[in-house]
Amino acid sequence: MGKNNRNSGNQNNSSNNGSQRRLALAVLLVLLLGFFWFMVTDNPAVKGFRDRYFMEQSGSAEEQGGSGTEEEGNSTRSSSDGTTESSDGSENVAELDSSALPEYNGAHYVTVNGNTPEFPDDVYTRAGLVNDGGTWKTEGSKAGKIDSGKLTPYEYYGELDGLGRCTVAYGCLGEETMPAEGTERGDISKIHPSGWAKAQNWERCHLIAWALSDENANERNLVTGTHYMNHDGMRPLEEEVEHYIWNTGNHVLYMSRPMFSGNELIPRGVQMTVWSCEDQGKGMSFNVYCFNVTPGAEISYVNGIVTTEEQAAQEARLYVVNKRSGVFHYPTCEGAQSIYKKNRMEVTATRKELTDQGYVPCGYCEP
Ligand SMILES: [Zn+2]
């Protein structure tokens, strides 16, 4: 009896289970379809929600950039390419790797290593600092104490490499290394840093600014840089350091390192790292990578040729090419008229077509 009852009960249960299972499957199907729709729909309200809560975590930079999402505090988050992006849109790089330098994303610089300075030991030791259980102090000082009087201000400029490129500049900078008041800047026009190309609006960019180092025509301290990097990216940071030194009389460890991609002659960017000594980085501490770009222009980091948007949009016209030197001119240029007949070639092309083929615009007629 009891057994039968139990059996019939089971049968009831299993037929209940059957309809419940069908219901559950139907609900699941509806949920799946809904979720699918949610993930692919272009409905703006849903898309906005989706981007905010899903895409950000998957680290798609395009989705994150400038989408105007709500503030999320100052936290940084990881993304798939090994960089992190903070809520203000500026990216952070864990460390700089010359084979995979960060892509320009619209900001003058990105922070490196969470904006925390990192220097080779030599940078500290030349300044007279000794490592004391993970912190730096001046010799004979209490733990964690850096005494101004015991610091050794210095500047170091690394030798040019085999391609004639700057390598690194660093030092312990203070009033001692800065130009005395009233000093005039010297002429640096004789220096042609690696990749320098005439008439391409390049600037000679100090690795350590003149105002901090009193260095003028030092070929180990000058790289080929855009106005955008030199003036808009690096200079405000250099001025901060300068003001800090004037205001406090303190010193800073300073390192400036051009980053080249492969054998290119013009750096893709310059890393600037600064740490104030006497206050252990409280006054001044950053680690950034400034982009050597001109927004809207295409730069050849191999030969220094810059193509602006207007130049890229130019229509085909007549140019005179010197086949021997690879330089091209406007037909009216004196340089074009003095080319030997056998080296002379007239072509109708756009400027971009010529530079893409490796021809170099004349520095005089500036085609
Ligand atoms: Zn010319």
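**View 1. Asn 201 lies in the loop between β8 and β9 (203–206).** Helices (H or I, at least four residues) and strands (E, at least two) are DSSP runs, numbered from the N terminus. The model is predicted: local features need pLDDT of at least 70, side-chain atom pairs count only at pLDDT 80 or more, and totals for chains, interfaces and linings use all residues. Residues are numbered from 1 along each chain as its sequence is written. Although Asn 201 is not a glycine, its phi is positive, at about 60 degrees. A residue is termed buried if 20 or more other C-beta atoms lie within 10 Å of its own, exposed if 12 or fewer, and partly exposed in between, with C-beta atoms placed from the backbone. Asn 201 is exposed because it has 12 other C-beta atoms within 10 Å.

**View 2. Gln 280 occupies the loop between β12 and β13.** Gln 280 is a residue other than glycine with a positive phi, near 55 degrees. Gln 280 counts as partly exposed because it has 15 C-beta neighbours inside 10 Å.

**View 3. Strand β13 pairs with β12 and with β4.** Two strands are said to pair if DSSP finds at least two bridges between them. The antiparallel strands β12 and β13 are joined by 7 bridges; within this pairing, Val 274 has Phe 286 of β13 as its bridge partner. Strands β4 and β13 also run antiparallel, joined by 3 bridges, and here Tyr 109 is partnered by Cys 290 of β13. Strand β13 is mostly covered, with 5 of its 7 residues buried.

**View 4. Gln 271 is found in strand β12.** Gln 271 is buried because 23 other C-beta atoms lie within 10 Å. Residues are in contact if their C-beta atoms, placed from the backbone, lie within 7 Å. Not counting residues up to four places away in sequence, Gln 271 touches Leu 96, Val 112, Arg 257, Met 259 and Tyr 289. Val 168 is 103 residues from Gln 271 along the chain, and the C-alpha atoms of the two are separated by 9.6 Å.

**View 5. The largest nonpolar core comprises 44 residues.** A nonpolar core is a set of buried Ala, Val, Leu, Ile, Met, Phe, Trp, Tyr and Cys residues joined through C-beta atoms within 7 Å. In the largest core, Val 252, Leu 253, Tyr 254 and Cys 290 touch the most other members. The elements giving two or more residues to this core are β4 (109–112), β8 (169–173), β10 (222–225), α6 (227–248), β11 (252–259), β12 (269–276) and β13 (285–291). Helix α6 gives the most, with 5 residues. Apart from this core lies another, of 10 residues, including Tyr 319, Val 320, Val 327 and Tyr 359.

**View 6. Val 252 is shown with the residues that it touches.** These are Leu 173, Val 241, Ile 245, Val 274, Trp 275, Ser 276, Cys 277 and Met 284, when residues up to four places away in sequence are not counted.

**View 7. An open sheet of 4 strands has the order β18-β16-β17-β19.** The pairing in this sheet is mixed. Strands β18 (344–349) and β19 (360–361) are the edge strands, each pairing on one side only. Strand β16 (residues 317–322) and strand β17 (residues 327–329) run antiparallel and are joined by 3 bridges. Val 321 stands opposite Phe 328 in β17.

How values were computed: Two residues are in contact if their C-beta atoms, placed from the backbone, lie within 7 Å.
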